[in-house]
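Here is a friendly walk through one protein chain and what surrounds it. Keep the viewer open as you read, and follow along from the overall fold to a few individual residues.

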Amino acid sequence: MKRQVLLLISLFGIISVTGQVSYSIPEELPKGSFVGDLAQDLGLDVKRLKSGKARIYVADSADYIELNREKGVLLVKDKIDRELLCAQTAPCALHLQVILENPMEFYSINVEIKDVNDNAPMFKRGEMQFRISESAVTGTAFLLEQAIDLDVGKNGLQSYMLKPTDNFALKLHNQADGSKMVEMVLQKPLDREQQSNLLLELTAVDGGEPQLSGAVQIHITVLDSNDNAPVFTQRTYKSTLRENSLSGMVVVTVSATDLDEGSNGKISYSVLNSVDDASDIFDIHGETGEVKLVGNADFEKKRQYQIYVRASDEGGLTDTTKIIVEILDTNDNEPAINVMSKSNVVAENIKPGTVVTIVNIQDLDAGENGKVNCDINKNVPFSVSSTSNNFFSITTDSDLDRERSSEYNITVTCSDEGVPSLSSSVTLTLQISDVNDNAPVFERSSYEAYIVENNTPGLSIFTVKATDADWNQNARVSYILEDSSINGVPVSSYVSVSADSGAIHAVRSFDFEQIKDFQFLVKAQDGGSPPLSSNVTVKILIQDQNDNPPQVLYPVQTGGSVVAEMVPRSADVGYLVTKVVAVDVDSGQNAWLSYKLQKATDRALFEVGLQNGEIRTVRQVTDKDAIKQRLAVIVEDNGQPSRSATVIVNVAVADSFPEVLSEFTDLIHDKEYNDNLTFYLVLALAVVSFLFITCVVVIISVKIYRWRQSRILYQSNLPVIPYYPPRYSDTLGTGTLQHVYNYEVCRTTDSRKSDCKFGRAGSQNVLIMDPSSTGTMQRIQSEKSILDEPDSPIEVGLF
Ligand SMILES: *[C@@H]1O[C@H](CO)[C@@H](O)[C@H](O)[C@H]1NC(C)=O
Ligand SMILES: *[C@@H]1O[C@H](CO)[C@@H](O)[C@H](O)[C@H]1NC(C)=O
């Protein structure tokens with residue numbers, strides 16, 4: 001491979017440069033390799049070389065080329081490494097001088113060392129490390145370490161390749177020195193969450209033949225950035241919770257995830273609600289997402305809660321979700337009872353079935369827990385029924401009567417259908433108002449009262465009383481004397497009735513001897529509207545007072561004349577001389593007369609029958625007894641105090657009238673007067689007696705007929721009471737006195753019999769009318785019951 005470029009002959013003194021030869025050899029030739037045929041190229045003979053002791057001179061130490069003088073060729077003396085020799089300098093040449101002596105000749109020889117691709121591109125470090133945030137934007141360039149290729153030229157570093165090229169691309173920049181700066185440019189954003197580590201390979205290649213390459217690994221760690229928000233696992237959570245659950249109960253657990261790592265992925269939970277009270281009732285654990293009950297969930301307040309929960313990472317990204325908590329009802333509310341009516345008074349006359357009040361029931365619970373039924377206590381005449389939703393009416397079952405029960409306690413008990421059931425009750429007190437449905441009622445069906453005659457006018461006799469079961473005004477009783485007349489005189493002139501008190505007052509003084517009893521009606525009237533009234537019969541009985549002394553009917557006490565009873569001297573013991581007849585217009589005890597001998601000429605001769613007033617002799621009359629006997633008989637009634645009358649009875653003890661006359665001469669001067677008087681008396685007595693007997697006969701005829709029919713009954717009632725007429729016995733038995741009528745004289749002479757003698761003023765000759773033959777006392781009583789009639793024509797008046 002001879003390359004003769006230039007032949008330079010230089011003359012440096014004795015050294016002349018005759019020519020210059022260039023050779024070119026590749027590096028790395030083995031030792032002894034042929035470089036060039038120097039002799040030929042210089043045009044020298046081999047012999048000259050020998051003779052000239054041709055030798056190679058190198059200035060520096062490098063001694064890679066030797067000269068074979070025998071052949072006149074240059075050979076490789078030592079293996080040449082161009083990179084060692086010239087490094088990156090190109091071209092690389094060895095500069096040799098061949099020096100010949102005899103004559104000194106000087107030749108310059110250039111041996112160019114041509115590069116051989118014996119070096120691959122090479123990176124200094126085995127790998128490259130990068131930490132790149134995933135948030136790095138595209139276009140971001142990362143400078144890479146350059147590779148080195150010791151070869152030059154075409155064999156030097158030519159280009160780079162990067163694999164894979166998903167995210168990055170290579171970009172080369174030519175430098176002024178010809179080297180290439182290499183950059184890795186982000187083409188597609190990194191995602192740590194997809195790939196947190198990337199391994200790339202950068203390959204550098206040269207242009208040699210064959211091509212050589214060197215590679216380096218690029219480790220890229222993708223750094224996290226908070227590019228992911230937390231995400232809840234559910235958009236909505238649902239849960240149920242029984243009301244009144246204990247605080248601390250976990251209602252639901254929410255969960256969110258964050259793809260980021262570290263603090264960017266650290267999630268904390270919080271409740272967002274601020275308006276409603278959900279945040280007071282529920283709390284969420286910041287880290288675990290457990291939602292707990294912290295307050296009281298009350299179904300009656302709120303049936304559903306919506307809790308908004310936020311999850312946030314520490315980078316500030318968030319997500320929210322909604323929790324719907326349904327509150328389930330428990331039977332925790334008893335029914336509330338509201339009484340609708342304001343008034344608690346009803347009239348007693350309302351009809352059965354009338355609504356007296358309405359109650360409203362509120363149970364806050366739902367479903368069965370809020371379904372309510374009401375009942376009332378059994379012992380009242382009311383019933384309860386449901387009218388409409390939540391309203392119950394209380395109606396009367398039967399008639400009310402304020403007088404039986406003026407108020408009712410109605411206990412309404414309402415219970416729901418929950419399990420267990422809750423109930424509540426309320427007691428209404430219902431007042432029954434009065435209606436005037438009761439008339440006054442007198443305490444007795446009739447009244448009898450007694451008043452002693454000769455009373456003072458205005459005396460209160462007694463009091464009638466009526467009560468009215470109604471109330472207040474309806475029970476205010478007024479007493480009214482009903483108009484009537486007694487014997488043609490208005491009753492109001494006898495008695496008056498106090499309207500307020502019912503006290504009955506006598507208006508006048510009564511005289512038993514004129515009126516023995518009377519009756520009238522008193523009306524009691526209440527103050528209702530309209531008023532109700534009732535009446536009662538009041539019978540007033542006037543009681544006798546011993547206000548009349550006995551009156552002696554016989555013997556007649558005349559002022560002037562002398563009446564004498566004749567007693568024959570032959571009279572036996574017990575001879576009935578005469579009989580003192582007296583009457584007392586009073587009645588009863590007051591009219592029961594007794595006779596006593598008060599004074600006598602000869603007390604031993606006469607006695608007076610205590611009961612009958614009969615004057616009888618008690619011993620044989622003797623001649624010694626005076627003709628003129630004077631007896632004072634005192635007639636006493638049995639009243640308290642008793643009243644009395646005294647009668648003087650003249651008795652003549654003589655066998656003949658002249659005998660008597662001589663003794664009574666002092667009385668003769670009155671004879672003429674007495675004759676006249678006697679005539680009138682006899683006439684009057686005869687008329688009266690006739691009338692009386694006629695009447696008695698008529699009455700007896702009638703009575704006998706009746707008496708016969710009821711004889712047995714009468715006999716069974718025969719009283720056995722000494723001295724007293726049976727009517728007196730009766731009156732003693734009852735403590736009250738029966739009426740005794742008229743001026744009768746009724747005296748018993750015997751316990752079993754009685755005489756009823758109607759004394760008549762008459763002549764001395766007619767001593768006694770004695771109807772004793774008519775029968776028993778009962779018989780007489782029968783007669784008397786007719787005779788007793790006030791208006792009886794048989795009435796025998798005082799003469
Ligand atoms: C009703 O209740 C009241 C108060 O408890 C009581 O005083 C009254 O006697 C009761 N009435 C009836 C009729 O039971
Ligand atoms: C008295 O009451 C009776 C019923 O009790 C009645 O028949 C009579 O008419 C009443 N008499 C008077 C005068 O009011």
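Helices (H or I, at least four residues) and strands (E, at least two) are DSSP runs, numbered from the N terminus. Counted that way, the chain has nine helices and 57 strands. This is a predicted model, in which local features need pLDDT of at least 70 and side-chain atom pairs count only at pLDDT 80 or more, while totals for chains, interfaces and linings use all residues. Residues are numbered from 1 along each chain as its sequence is written, chains are lettered from A and ligands numbered from 1 in the order in which they are written, and side-chain values use heavy atoms, with hydrogens and water left out.

**Confidence and overall numbers**

The predictor's confidence in each residue is its pLDDT, from 0 to 100. The chain averages 82, and 84% of the residues score at least 70. In residues 1-15 the pLDDT is below 50, and this stretch has 45 contacts in the model beyond near neighbours in sequence. Residues 716-799 also have a pLDDT below 50, with 142 such contacts. A contact here means heavy atoms within 4.5 Å.

Of the contacts in the chain with a separation of 6 or more, 67% are between residues 24 or more positions apart. Accessible areas come from the Shrake-Rupley method with a 1.4 Å probe, and for residues only the protein chains shown count as cover. The accessible surface of the chain comes to about 41,500 Å², and carbon and sulfur atoms hold 51% of that. A residue is called buried under 20% relative accessible area, exposed over 50%, and partly exposed in between (1.4 Å probe, protein chains only). Buried residues make up 42% of the 799 residues.

**Strand E25 and its partners**

Two strands pair if DSSP finds at least two bridges between them. Strand E25 (residues 290-293) is joined by three bridges to E21 (residues 250-253), and the two run antiparallel. Here Thr253 has Glu290 of E25 as its bridge partner. Three bridges also join E25 to E24 (residues 282-284), again antiparallel, and Asp283 has Lys292 of E25 as its bridge partner. E24 and E25 form a hairpin with five residues between them, and Gly289 in the turn has a positive phi of about 80°.

Ile307 counts as buried because its relative accessibility is 0%. Leaving out residues up to four places away in sequence, Ile307 touches several residues, including Val271, Phe282, Val291, Ile323 and Val325. The C-alpha atoms of Ile307 and Val325 are separated by 7.8 Å, with the two residues 18 apart along the chain.

**Loops worth a look**

Two cis peptide bonds can be inspected. One joins Glu209 and Pro210, with omega about 0°, and Pro210 is in the loop between E17 (197-206) and E18 (213-223). Another runs from Ser529 to Pro530, with omega near -5°; Pro530 is in the loop between E45 (517-525) and E46 (533-543).

| Residue | Phi |
|---|---|
| Asn102 | near 55° |
| Asn390 | near 70° |

Asn102 lies in the loop between E8 (92-100) and E9 (105-114), and it is exposed because its relative accessibility is 61%. Asn390 lies in the loop between E32 (382-388) and E33 (391-396), and at 32% relative accessibility it counts as partly exposed.

Asn344 sits in the loop between E28 (336-339) and E29 (345-347). With a relative accessible area of 38%, Asn344 is partly exposed. Not counting residues up to four places away in sequence, Asn344 touches Thr429, Leu430 and Gln431. A polar atom of the Asn344 side chain lies 3.3 Å from the backbone oxygen of Thr429. Asn344 and Leu428 are 84 residues apart in sequence and 7.8 Å apart in space, C-alpha to C-alpha.

**Ligand 2**

Which residues are around ligand 2? They are Glu482, Leu521 and Asn535, where a residue is near if one of its heavy atoms lies within 4 Å. The protein covers 30% of the 360 Å² of accessible area that ligand 2 has on its own.

Terms used
Polar contact = N/O pair within 3.5 Å; in protein donor to acceptor, adjacent residues only side chain to side chain.
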